[in-house]
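Work through the following exercises with the model open beside you, and try each task before reading its solution.

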Amino acid sequence: MELKKITEKLTVSPQITADDMSAIGQSGFRAIICNRPDGEGADQPSFEEIEAAAKAAGIEARYVPVQSGMVTDEDVAAFGEALEDLPRPVLAYCRTGTRSATLWSFHEAKKRPMPEILAATKAAGYDMNGVARRIANGGKTPTDTGDAKYDVVIVGAGAGGISVAASLKSRKSGLSIAVIDPADIHYYQPGWTMVGGGIFEASQTAKTMGSLIPGGVKWIKAAVAAFEPQNNAVILDGCRVVKYDRLVVCPGLKLDWGKVEGLEETLGRNGVTSNYRYDLAPYTWQLVQKMKSGRALFTQPPMPIKCAGAPQKALYLSGDAWFRRNVLKNIDIQFMNAGGVLFGVKDYVPALMKYIDKYDATLNFFHNLISVDGPAKTATFKVAKPDTDPTEVTVEFDMMHVCPPQVAPDFIRVSPLADSAGWVDVDQATLRHKSYDNIWSLGDVMNAPNAKTAAAARKQAPTVAENIVADIRGRSAVAQYDGYGSCPLTVERGKIVLAEFGYGGALKPSFPTWLVDGTKPTRAAWFLKEKMLPPIYWQAMLKGKEWMAKPEQLKVAAD
């Protein structure tokens, strides 16, 4: 917990946890304001969790959520009302504290001189010069000049962002590159399924962001508010402006927990869990270990989602654990899938169906989770089968693993970079933006029709790096991405169906079938997933070492 005092009445901080509440109370705070919307980060506690802990500590709590970088007049008014209503001193928090400091700055602008506001926030560690420009410019952020400028700016420091930064540096070491990301921790998210299956510890999947940013690359620890591609500008939370010659856009997806009524309130309790959150994956394994009988639901929302096999991986590893403990016969496994098939590439379905049969799991297609009543342990699904009127069905459960609905982040969906569906609009081969020649995208937020997996980003990063360097040298695109994605389907402890495929479901095996036949469960694929892929991720992919990921030459440019 990092408290940053702005005035005697108000302190701001980055994200707090329920465990911090005792120390917050001991520090003399009488109220808390949450300015961070629920579901914004993979390791973020909900406001309900914070509020409950605050109440137990005798501290009032107020929820005033603000979208990152999108502080409105209404937000400022709501923040001001909360400050007036709540007992002081007050602690306000968001992801980094910047939104809270920004809200205070706008609120105080009507009664304090601007230099006083800038001095108070600067002393607390927040640069509000962008806010000063916005107030002076009638609420808008001028982008004709920037706070900084780089040859390449990369939005997002996940698997794609760090990999493409490292690949660019390995090709052209003199480039000035900045990576923009507000997160302190970088997660190896493919490992969370293994945490939920009792194979990995959660701590194995996390490293500090600062330890992973490539040498010579500037890390701008901030959230993006908006893009102005016509001015080659990125506007940050706090209204700072970063200019670029070339831009790479690769933030992660937004997990839309709030789209399912009642879900946020019951996550992490009442038998409701998800391997899609760092802090909940261990709870999945706790539930599996405790369960001896009853009904277990595993849900999958409409596509697209990241790692489309993850919802059923949770089913398989849970079923395997119950099988090994000889309690499977007492457990009713139900897979509630909003789609109409078990897996989108038919070649892998026969092997998967053998495990569906082994675990005696019932497949319920076209079932989309719409609400949860945690205390009652019931889940309601909208059933929309083809050529039939939609209905709703409510199912009781003892344990439920939820895969949340997923969308592009708000700052992507409302930007000029997005297509009509809200995804960054790119050429699916070169990954270059269709309208802006100096912008590329990779990873989960772009609209190429490939699986959204870390393995896909591993192939995309060298392609983007190669094409950016070619563009700098005045050449056309030279590399192409073939849609490769990989989904290691953990069907039991010790065996994996290694699904590897490209655009159109074409099989793209990395190994000869005598070593790994991806259409069948193998121990070799398990060894790859458990022992080899984590170090490949940390030590090769994120360091620009393109093992088995050399960019494919664009056929029209190969000459």
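The exercises below concern a predicted model, and they turn to one helix and then to salt bridges.

**Exercise 1.** Find out which residues of helix H3 are buried, and which strands and helix they pack against.

*Solution.* Begin with the helix itself: H3 spans residues 73–85, and its 13 residues reach 18 Å from the first C-alpha to the last, close to the 18 Å expected at 1.5 Å a residue. Next, look for residues under 20% relative accessible area; in H3 these are Asp75, Val76, Phe79, Gly80, Ala82 and Leu83. They cover an arc of only 160° around the axis, which puts them on the same side of H3. On the other side of H3, Asp73, Glu74, Glu81, Glu84 and Asp85 are exposed. Finally, follow the contacts of the buried residues, which pack against strands S2, S3, S4 and S5 and against helix H4.

**Exercise 2.** Determine where in the chain Arg277 and Glu49 lie, and whether they are buried or exposed.

*Solution.* First, note that Arg277 and Glu49 form a salt bridge, with their closest N and O atoms 3.5 Å apart. Arg277 lies in the loop between strand S15 and helix H10, whereas Glu49 belongs to helix H2, so the pair ties together parts that are 228 residues apart in sequence. As for accessibility, both Arg277 and Glu49 are buried.

**Exercise 3.** Describe the salt bridge of Arg36 and Glu40 and the network to which they belong.

*Solution.* The side chains of Arg36 and Glu40 meet at 2.7 Å, N to O. Arg36 is buried at a relative accessible area of 4%, while Glu40, at 22%, is partly exposed. Together with Arg95 and Arg99, Arg36 and Glu40 are linked in a network of salt bridges.

Conventions: Residues numbered from 1 in each chain as written. Predicted model: local features only at pLDDT ≥ 70, side-chain atom pairs only at ≥ 80, totals over all residues. Heavy atoms only, no water. Helix = DSSP H or I, 4+ residues; strand = E, 2+ residues; numbered from the N terminus. Expected span 1.5 Å × (residues − 1). Buried < 20%, exposed > 50% of the residue type's maximum accessible area, 1.4 Å probe, protein only. Arc of directions from axis to C-beta. Contact = heavy atoms within 4.5 Å. Salt bridge = Lys/Arg side-chain N within 4 Å of Asp/Glu carboxyl O.
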